[in-house]
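Please look at the charged side chains in the structure below and consider how they pair. The paragraphs that follow lead through them step by step.

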Amino acid sequence: MTLDPDFICYSPEHRFWRMVLIGFSIFALVLIPMLILIKLYLMRNSQQDSENISRYGYLYLEFKSEFFFWEIIRLFFKFALIGGSFFALVDPMTRGFILLVMLVVYYMSIIRFKPFRLFSFLKLELDSIKTFIISLMLAAYVDKSTNYWLRMFSIGTIAVVNGYYIYTMVKKMVNFYYLVFVQPNLGKLEEALDKLKNKKRTLTEEELEDKRFHESLTDLFGEEGDSEEAMKKSQTIEMSQVNKTDTIKKKE
């Protein structure tokens, strides 16, 4: 690739896309985090509400209640790492040193404040920083080394360290998701099944009561046909008694 001094880089089209990029960067790096922070601040006293947990729990559940905003700090830290990695107009060694300083500062802030609710997540965050530092140092060595086998060994070490961290992170996040979201829903499902079983049990008892009542009627009047005949006989007897009383009254 050769340099072309006559190539125009500041045409109206370039300026337009530069403004689009700046606007998108401001929107993504400033406005979205600020909106999230405002929302978290407004719901800081209702973090345990089931609706808030289902909608925004991934933003604050892993942190202590007084550090509900730590996800925003972590987000800005990642943006700073990306900016230091790709947009700093300095040589690679200086960029590596800047990244190392940012990682150490963030590492010490986590040790100082301990914002995570669970020790496992605190350890996971610290492991991520250590993994980044190891990868950064090995990458600097790969960039400067001329020994092919040592470079391959360094690249393999970077892959193994990052792969193990990703495995650990996915495992812990799955466990956390199960404990927070799946297990409570399983409890609700079991409760609904218990209610359904109780309802069926109640219906069964009502059916048994109906059966017992029917059996008692059968004992008194026999089968269905016999009971009808018994009812007709009782009605006939009652009518004859009424007629007798009317006749007696007329004679008197």
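**Charged pairs in the model**

Asp127 is buried, with a relative accessible area of 18%, where buried stands for under 20% relative accessible area, exposed for over 50% and partly exposed for what lies in between (1.4 Å probe, protein chains only). This is a predicted model, in which local features need pLDDT of at least 70 and side-chain atom pairs count only at pLDDT 80 or more, while totals for chains, interfaces and linings use all residues. Residues are numbered from 1 along each chain as its sequence is written, and side-chain values use heavy atoms, with hydrogens and water left out.

The partner of Asp127 is Lys123, and the closest N and O atoms of this salt bridge are 3.2 Å apart; the term stands for a side-chain nitrogen of Lys or Arg within 4 Å of a carboxyl oxygen of Asp or Glu. Lys123 is partly exposed, at a relative accessible area of 39%. Both residues belong to helix α5 (residues 119-144), four residues apart, or about one turn of the helix; helices here are DSSP runs (H or I, at least four residues), numbered from the N terminus, as are strands (E, at least two).

Across the whole structure, a search finds six salt bridges. One of them joins the side chains of Glu62 and Arg74 (3.0 Å, N to O), and it links distant parts of the chain, with Glu62 in the loop between α2 (50-60) and α3 (70-86) and Arg74 in helix α3, 12 residues apart. Both Glu62 and Arg74 are buried.

Arg74 also meets Glu71 in a salt bridge (2.5 Å, N to O). Because Glu71 and Arg74 are three residues apart in helix α3, about one helical turn separates them, and Glu71 is buried, as is Arg74.
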